[in-house]
Amino acid sequence: MQAPHREHLYKLLVIGDLGVGKTSIIKRYVHQNFSSHYRATIGVDFALKVLHWDPETVVRLQLWDIAGQERFGNMTRVYYREAMGAFIVFDVTRPATFEAVAKWKNDLDSKLTLPNGKPVSVVLLANKCDQGKDVLLNNGLKMDQFCKEHGFVGWFETSAKENINIDEASRCLVKHILANECDLMESIEPDVVKPHLASPKVVSCSSCAKS
Amino acid sequence: MADSLPTEFDVVIIGTGLPESILAAACSRSGQRVLHVDSRSYYGGNWASFSFSGLLSWLKECQQNSNVGEEGTATWQDLIDETEEAITLRKEDATIQHTEVFCYVGQDVEDNVQEVGALQKNPSSVESSILTLDSACLPEERHTSYLTSYEVPGTNTQKSDRELSPEVTDTEEWLEKEKYCEDKTCVYTVSDGEKDENKLRVKDNTDKPKKNRISYSQIVKEGRRFNIDLVSKLLYSQGSLIDLLIKSNVSRYAEFKNVTRILAFREGKVEQVPCSRADVFNSKELTMVEKRMLMKFLTFCLDYEQHPDEYQAFEQCLFSEYLKTKKLTPNLRHFILHSIAMTSESSCSTLDGLKATKTFLQCLGRFGNTPFLFPLYGQGEIPQCFCRMSAVFGGIYCLRHKVQCFVVDRESGRCKAIIDHFGQRINAKYFIVEDSYLSEEACSTVQYRQISRAVLITDQSILKTESDQQVSILIVPPVEPGACAVRVMELCSATMTCMKDTYLVHLTCSSSKTAREDLESVVKKLFTPYAEAEIDKEELTKPQLLWALYFNMRDSSGINRSSYNGLPSNVYVCSGPDCELGNDHAVKQAETLFQEIFPNEEFCPPPPNPEDIIFDGDDKQPEASGTSNIKMAKLESSKESKSLESPGKHFQN
Ligand SMILES: Cc1cc2nc3c(=O)[nH]c(=O)nc-3n(C[C@H](O)[C@H](O)[C@H](O)COP(=O)(O)OP(=O)(O)OC[C@H]3O[C@@H](n4cnc5c(N)ncnc54)[C@H](O)[C@@H]3O)c2cc1C
Ligand SMILES: Nc1nc2c(ncn2[C@@H]2O[C@H](COP(=O)(O)OP(=O)(O)OP(=O)(O)O)[C@@H](O)[C@H]2O)c(=O)[nH]1
Ligand SMILES: [Mg+2]
């Protein structure tokens with residue numbers, strides 16, 4: 001087998017109100033399973049999903065779930081830092097979670113920009129569509145309008161339970177990120193040290209280390 | 001974002017500085033229910049870093065502190081019963097003093113320049129504060145009133161040693177409207193006294209500035225590129241913080257740059273100190289003989305314990321005296337004393353000097369050719385990394401959350417709860433509080449030291465080389481013996497702490513006077529105030545100062561727990577930042593307190609690899625891999641079983 005030519009690693013944020021299904025979506029997407037048993041997410045930092053995008057390209061997605069601090073709107077910069085895209089999730093059965101969407105989006109845009117100053121790509125997920133209560137969404141046109149107004153690159157009705165549209169939503173987000181990335185090449189930082197437990201190597205370019 | 005806070009916790013931590021944040025991570029990690037609060041709107045307390053506008057807001061806040069209103073706070077008196085008493089906490093921060101700001105660059109500012117894309121969590125207060133500071137810099141007529149000793153462009157010139165220190169009386173006039181502040185933030189606009197011809201040129205050029213000329217409005221606009229640390233520290237690459245970051249895997253949240261150069265200041269000149277073997281051999285400054293002497297001495301230092309005969313007789317002497325006996329040239333002695341051992345002429349014993357030299361040499365080469373690392377985006381990231389770790393393990397975070405008092409049970413003398421500014425009572429078993437939150441009463445007998453700090457934005461490096469992206473540290477020895485050495489750290493834009501074409505320079509020393517009095521002489525030696533006009537390249541040897549801030553920060557490290565009055569035994573105190581270069585104090589303190597509170601728990605063990613977490617199906621039993629003991633998420637033993645290699649193994653060169 002030919003080794004792929006290009007590899008991308010993208011950090012994606014998964015944001016949204018309490019209990020909208022963030023963890024379930026990640027779990028479905030990365031681990032292909034679902035549990036109807038709810039418990040507040042603890043101990044989960046990010047999960048990794050590898051996509052064979054095309055024969056030449058491998059895309060690794062780091063999906064960052066939010067942790068306890070977000071409950072009260074005090075995310076650390078560490079969470080946002082260098083993210084390339086985001087999913088904002090709401091629960092179609094709870095209109096209040098949709099009302100929070102614009103707030104999450106504003107919050108995100110104020111804290112995170114691409115190195116070129118543009119906002120990151122964000123896809124809106126209307127989750128739990130299996131519940132058949134998607135009153136909000138019967139009007140697709142309105143949703144399109146909403147996305148346009150608030151700068152989402154797209155929206156999907158998803159179900160973590162029935163595995164509906166999650167792959168599609170992710171593909172949409174990755175497509176936009178890849179398209180954006182061409183003009184971001186200059187942002188790559190050489191000479192960065194990342195001390196790690198497993199591989200304490202210096203991630204750096206030795207030719208720059210002259211002095 | 002939920003709004004109701006649980007009321008039962010195991011540990012409540014007040015303050016988000018480094019030791020508190022490490023403790024938060026350690027406690028959550030070991031399964032404790034942690035509430036971590038900070039009264040401020042940002043993480044880190046005095047360990048925070050700010051964007052440019054963020055820093056201006058912070059300054060404003062320091063200034064307004066003594067003026068905080070009581071509105072909106074519920075009274076705690078009604079919330080405790082007769083079996084209880086309250087220990088109130090301090091309402092405002094008293095750790096920052098003598099803030100002074102100097103702006104040297106042109107104020108060609110349209111009034112409303114704003115940081116691009118800046119997030120302001122607290123729009124009303126932040127915006128107004130920026131305005132006030134700006135306008136303090138702006139109005140022309142004010143220049144003349146308080147800058148009597150300086151020249152305003154366009155009037156006559158007087159090239160002189162500019163003292164950047166108008167007497168406070170000069171500034172009183174415009175500070176009048178801010179009389180309420182005890183601790184004045186003085187903002188000076190310093191115009192440069194240039195030759196007449198230059199002046200004229202400036203006028204002609206005002207609307208098309210030369211390339212690389214940086215204006216105040218550019219700094220404001222690009223303000224988000226700045227991450228300006230309140231403390232200036234580095235990580236020793238073999239130090240306890242790096243070890244902790246690696247061990248706990250909190251390092252996954254942080255990235256670092258190597259400090260690329262160690263500099264020395266000698267006879268009015270900045271030069272690079274060769275410290276690695278390769279550096280020594282490649283050095284052009286050293287003669288062949290010096291190279292051999294230096295290598296011989298450094299090799300000895302690496303295992304000096306094995307050669308007691310070489311130093312035993314001098315153990316009680318000063319290190320500087322000892323060096324004189326070692327056949328080293330003055331040049332080399334200076335390098336070793338100030339730049340490698342980083343100590344001073346008159347205060348360091350031979351044994352301490354040898355130990356410091358050895359530490360330095362051992363740290364060399366672990367990640368790069370100096371012993372130090374600097375966190376990308378600033379030191380202020382590090383507490384946040386630990387907070388993220390704590391949050392991932394269920395720690396609940398509330399910024400802008402003030403605590404009014406501890407509730408103490410009279411009978412047992414133990415603290416039972418806190419009461420917050422909403423009048424909510426939150427119960428816990430243990431309480432950790434940062435020194436600055438304690439009331440004056442509790443600290444009345446505590447003797448604090450002070451740290452003097454300066455933050456400069458400059459246009460060039462203090463030692464130019466082909467690469468303009470250097471991260472340098474320089475120790476400037478004191479002029480008079482007995483005074484303190486000044487530590488200078490110069491950061492380039494690649495560290496993500498300043499905008500392109502500028503440098504961020506931090507100066508630090510332990511205080512004997514105000515920060516400006518302690519540090520200004522060093523600033524003057526290394527920099528020259530910004531000149532509006534293009535000067536001949538040759539003429540301009542020193543980097544120019546664009547903007548400067550001085551302040552004093554309280555140093556609460558090294559204070560004995562027993563110096564605080566009347567604290568219950570289950571209230572633990574963390575100190576604010578210390579003056580040292582490394583972070584050992586904070587790490588040590590966090591670990592010691594953790595072990596005191598939870599003697600049987602492991603301190604910050606590695607969390608499971610995210611790739612190894614499988615979410616529990618409802619039916620399956622948890623299975624955990626050997627090293628990680630995780631309460632909620634469950635682990636699959638990892639396929640390529642990541643053994644914990646001893647990190648040391650990789651770094652022997
Ligand atoms: C290339 C590049 C990439 C970046 N990527 C990211 C990224 O991915 N994610 C990211 O978050 N940031 C990123 N930043 C940094 C970003 O510009 C801000 O520093 C960050 O968004 C602030 O987030 P916060 O709300 O968590 O910080 P907070 O600490 O909550 O503060 C928000 C801002 O206001 C200031 N501030 C808040 N309250 C006060 C107060 N009371 N007094 C004074 N100042 C105050 C802070 O200094 C800060 O600038 C990046 C910067 C660059 C240059
Ligand atoms: N019917 C249905 N239920 C779902 C779906 N997605 C999630 N849920 C349920 O919604 C509840 C919350 O899901 P989580 O994934 O834990 O939500 P979260 O956003 O991660 O919650 P927090 O981490 O607490 O903020 C769980 O009981 C899930 O089983 C879905 O697509 N359909
Ligand atoms: Mg979750």
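**View 1. Strand 10 of chain B is covered on both of its faces, with B:Arg261, B:Leu263 and B:Phe265 buried on one side and B:Ile262, B:Ala264 and B:Arg266 buried on the other.** The model is a predicted one, in which local features need pLDDT of at least 70 and side-chain atom pairs count only at pLDDT 80 or more, while totals for chains, interfaces and linings use all residues. Residues are numbered from 1 along each chain as its sequence is written, chains are lettered from A and ligands numbered from 1 in the order in which they are written, and side-chain values use heavy atoms, with hydrogens and water left out. Because six of the six residues of strand 10 (residues 261-266) of chain B are buried, this strand is largely enclosed by the rest of the structure; buried means under 20% relative accessible area, exposed over 50% and partly exposed in between, with a 1.4 Å probe and protein chains only. Helices (H or I, at least four residues) and strands (E, at least two) are DSSP runs numbered from the N terminus, and two strands pair if DSSP finds at least two bridges between them. Strand 10 of chain B pairs in the parallel sense with strand 19 (residues 472-476) of chain B over four bridges, and B:Ile262 stands opposite B:Ile473 in strand 19 of chain B. Four bridges also join strand 10 of chain B to strand 11 (residues 269-272) of chain B in the antiparallel sense, where B:Val270 is the bridge partner of B:Phe265.

**View 2. Five strands of chain B form an open sheet with parallel pairing, in the order 13-2-1-17-24.** Strand 13 (396-398) and strand 24 (571-574) of chain B stand at the edges with a single partner strand each, so one side of each is left without a neighbour in the sheet. From one strand to the next the twist averages 15°; axes are lines fitted to C-alpha atoms, for helices over the stretch in contact, and angles run from 0 to 180 degrees between N-to-C directions. Strand 2 (residues 34-37) of chain B is joined to strand 13 of chain B by three bridges, and B:Leu35 stands opposite B:Ile396 in strand 13 of chain B.

**View 3. B:Ile80 lies in the loop between helix 2 (52-64) and strand 4 of chain B.** At 18% relative accessibility, B:Ile80 counts as buried. Leaving aside its neighbours within four places in sequence, B:Ile80 is in contact (heavy atoms within 4.5 Å) with B:Glu85, B:Ala86, B:Val407, B:Ile419 and B:Arg425. The C-alpha atoms of B:Ile80 and B:Ile419 are separated by 9.3 Å, although these residues are 339 residues apart along the chain.

**View 4. Four strands of chain B form an open sheet with antiparallel pairing, in the order 4-14-15-16.** Its edge strands are strand 4 (84-88) and strand 16 (425-427) of chain B, each of which pairs on one side only. Five bridges join strand 14 (residues 403-409) of chain B to strand 15 (residues 415-420) of chain B, and B:Ala417 in strand 15 of chain B is the bridge partner of B:Val407.
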